[in-house]
Each structure stands twice: as C-alpha cells, then as structure tokens.
Amino acid sequence: MSTPPESQKELRGFAYGFLGVLIFSLTLPATRIAVSGFDPVFVGLGRAIVAAGLSLILLVITRQTIPPVRFLPKFCIVIAGVVIGFPLLSAIAMRDAPASYGAVITGLLPLSTALCGVWRAGERPSLAFWIFAGLGSALVIGFALLSGRGSIRLVDLALLGAVGAAGLGYAEGAVLSRTFGSWQVICWSLILSAPVLLPIVWQHAPSNFSTVSSGAMLGFLYVSIFSMFFGFFAWYRGLSLGGVARIGQVQLLQPFLTILASAMFLGERLTITTLSFAIGVIICVALGKRTQIIAR
C-alpha cells in the first residue's frame, strides 16, 4: 500500500526538521567554545557575516531573483529573530553559563515556535494549551531562580530573550519559505543584514587572529557554517512541509542532544537537577502541543 501524498510530505518534513535540530543542538556548546577566544558580540554577529558570504555565492550561482520590496518587513522579522536576536543573546549567555544550563532554558524553544506559529497563522489555542504553556514557563523560571540562588540573572534574561527571538524568526521564516524556498529565505536574510552588521563585527574582531585558540576558531566556524547556514536549509524546509507547530515538536529532542554534546565536548557534569528540569519542560511542551488549536 502506497503512502498518501500528505503523509509523505509530513514524513519529509519531520526528516528535514530532525536534521535541522541535530545541527542546532551543537550550537550552544560550539558558541561556548567560541567565546573562550572571541568577543561574544563578534561570535553572535560575526557568524552572520561568514554565512552571508556563502549565501552570496550560492544566490549568484543559482541565479535567484531578488525578492520584491513588499516582503522586506517579513525578512526584517527573520533577521531580528534568527540572524541577530538568538545568536547575539545566546553568545552573551554562553560567556557566563554552561551550555547544559542553556539547554534547559532553550527547552522552551518548541513552545515559543508553536506560539509564534499560531500567532502568524491566526489560530486560537485552547485553554489547556495555555495551562501547559504556563507550567513549562514556570519550570524554566524555577530552574533559573534555583540556579541563581533566588534571583534572575542577566544570563537568564539573555537566554529567554534568545528563545523568544528564535521562535518568531522560525515562524516568519517558515511562512516566507512557502514563497521563496527554505534556503533562499535564510540566504536573503543574511545578505540584507550584512551591511548593518559588518561595521559592528569589525569593531569587535580580535586584533590578531593568530592568538585565538584552534578550539575557539572551530567553534566559531561551526556556528557560522552549520548553525547559521546549513541548519536553516533543513529547518525551514521541514517547517514549510509539515507546519510550524507540528514540526516544531522535533525540537523536544534538542535539550537532550545539547546536554549530551556539552558532556562530550566540554566535559560539563550532568546533574540530576538539570536533567529533571529538562524532562519536566519537555513534558509540558509535549502535552501543550497535543491540545486543541482552532483556526479562526
């Protein structure tokens, strides 16, 4: 029996989504390594400049048509969310926090992506959805307070801001992908942002790259080439094929993959507290996504 076309489309969406999440799960560990040798601003925004160079080559080779001006506001949302917001805020956070800690906070990414997708699609979530969303948020805030000994620190605000920015950028990018294609969206976003970001990156660049450790350089190259470039090819393709909220569920795997990568590459200790909160957040997000969402 052949698989229905819609089922095939959804399966491909999940496959692309998993590949994107697999690439993104190494972003925080790679960022933490990169900021050991670079200024966080250089890491957060410089990766977009490297990826913009690759984007320009790809767009020219494939002779892509420049998007109409009327789509500029939508591209600006993508730029604000995933080209500037998440990279910069997560780089600032990784200067002072373990990547495994960041993995728990960014466990809210699936929820943020779903909420922004609901908002952009004009859907109306049920009361149960908001209950589970509140529980998941409460767990994240509780974890931040527990780790910060009763106070919310700058690193927590940076990570929460990164989560919100990424969710909005993911949702808007998925909508644009239906018109321009998955990889074209991130490429045009990077090209459009480059003139603004280049002077800032230049100002925060190290005076002598030879003094930067090979580990920091490899970390920076990973977030530039994979997290900022190839990862979005798969992720936006998956979201456009299977839907923002549905494929966003694949992100439930990301905290676990990030925590595992942090232990492997950074030698970070896996604590029961971190794992417990990560599992709790993921359960709340999973339950929330199973609730009813009514289209307007």
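**Exercise 1. Find which helices each supply at least two residues of the nonpolar patch in this predicted model.**

Solution. Start with the members: Ile 141, Leu 145, Ile 152, Leu 154 and Leu 157 make a nonpolar surface patch of about 440 Å². Helix 7 covers 127-147 and helix 8 covers 154-180, and each of the two supplies at least two residues of the patch.

**Exercise 2. Take two leucines, Leu 154 and Leu 253, and decide how each one is classed by accessibility.**

Solution. Leu 154 belongs to helix 8, while Leu 253 sits in the loop between helix 11 (244-247) and helix 12. Now bring in the cut-offs: exposed means over 50% relative accessible area, buried means under 20%, and partly exposed is in between. Leu 154 has 57% relative accessibility, so Leu 154 counts as exposed. Leu 253 has a relative accessible area of 41%, and therefore Leu 253 is partly exposed.

One more step for Leu 253: look for Gly 107, which is 146 residues away along the chain. The C-alpha atoms of Leu 253 and Gly 107 are 8.9 Å apart.

**Exercise 3. Describe how helix 2 and helix 12 pack, and sort their contact residues by class.**

Solution. Then list the partners. Helix 2 contributes Leu 28, Pro 29, Arg 32 and Ile 33, and helix 12 contributes Thr 258, Ala 261, Ser 262 and Leu 266. Finally, sort them: this contact has five nonpolar residues, two polar and one charged.

Key:
Residues numbered from 1 in each chain as written. Predicted model: local features only at pLDDT ≥ 70, side-chain atom pairs only at ≥ 80, totals over all residues. Heavy atoms only, no water. Axes fitted to C-alpha atoms, helices over the stretch in contact; angles between N-to-C directions. Helix = DSSP H or I, 4+ residues; strand = E, 2+ residues; numbered from the N terminus. Contact = heavy atoms within 4.5 Å. Nonpolar A, V, L, I, M, F, W, Y, C, P; charged D, E, K, R; others polar. Patch = residues over 30% accessible without salt bridge, like charges linked within 9 Å, V, L, I, M, F, W, Y side chains within 5 Å. Areas by Shrake-Rupley, 256 points an atom, 1.4 Å probe, with all protein chains shown as cover. Salt bridge = Lys/Arg side-chain N within 4 Å of Asp/Glu carboxyl O. Buried < 20%, exposed > 50% of the residue type's maximum accessible area, 1.4 Å probe, protein only.
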